[in-house]
Amino acid sequence: IDPRKVELARHNARIYGVEDMIEFVVGDFFLLAPYLKADLVFLSPPWGGPSYNQTPVYTLDMLKPKDGHAVFQAAQKIAPNIIMFLPRNVDISQVEELSWLSSPPLDFE
């Protein structure tokens with residue numbers, strides 16, 4: 001949604017020599033997702049602000065504006081490979097469960 005952040009990502013890709021391997025899109029993920037196809041989706045959803053680290057275990061339903069399951073399901077329609085950038089204190093069992101819900105199940109790292 002934020003063109004400035006997309007420009008920063010493009011700048012970083014240029015520095016690392018991979019800009020020509022990435023298609024940058026500015027827009028609302030949930031509005032664009034039904035029309036996108038890719039090899040990989042990198043997700044970095046909002047964690048809800050600085051208070052995310054004040055809870056011992058961060059759960060996927062704490063992601064905003066939609067929970068982690070909704071974000072993952074939208075990404076599955078785009079690409080077979082999904083990377084999610086999540087807080088260090090995320091409930092790993094919930095994230096692993098997402099991989100089992102895929103058909104076929106995704107590898108989990």
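## Helix α1 and its ends

Helix α1 covers residues 3-15, and because its 13 residues at 1.5 Å a residue should span 18 Å, the 18 Å between its end C-alpha atoms agrees with expectation; the expected span is 1.5 Å times one less than the number of residues. Helices (H or I, at least four residues) and strands (E, at least two) are DSSP runs, numbered from the N terminus.

At the start of α1, a side-chain oxygen of D2 comes to within 2.9 Å of the backbone nitrogen of R4, and α1 is followed by G17, whose phi is positive, near 75°.

## Basis of the model

This is a predicted model, in which local features need pLDDT of at least 70 and side-chain atom pairs count only at pLDDT 80 or more, while totals for chains, interfaces and linings use all residues. Residues are numbered from 1 along each chain as its sequence is written, and side-chain values use heavy atoms, with hydrogens and water left out.

In helix α4 (residues 92-101), V95, L98 and S99 are buried, meaning under 20% relative accessible area with a 1.4 Å probe and protein chains only, whereas exposed means over 50%.

The face turned away from the buried side of α4 carries the exposed residues W100 and L101, and what covers the buried residues includes α3 (68-76) and β2 (81-84).

Terms used. Contact means heavy atoms within 4.5 Å. A polar contact is a pair of N or O atoms within 3.5 Å; within protein, one must be able to donate a hydrogen and the other to accept it, and residues adjacent in sequence count only if both atoms are side-chain atoms.
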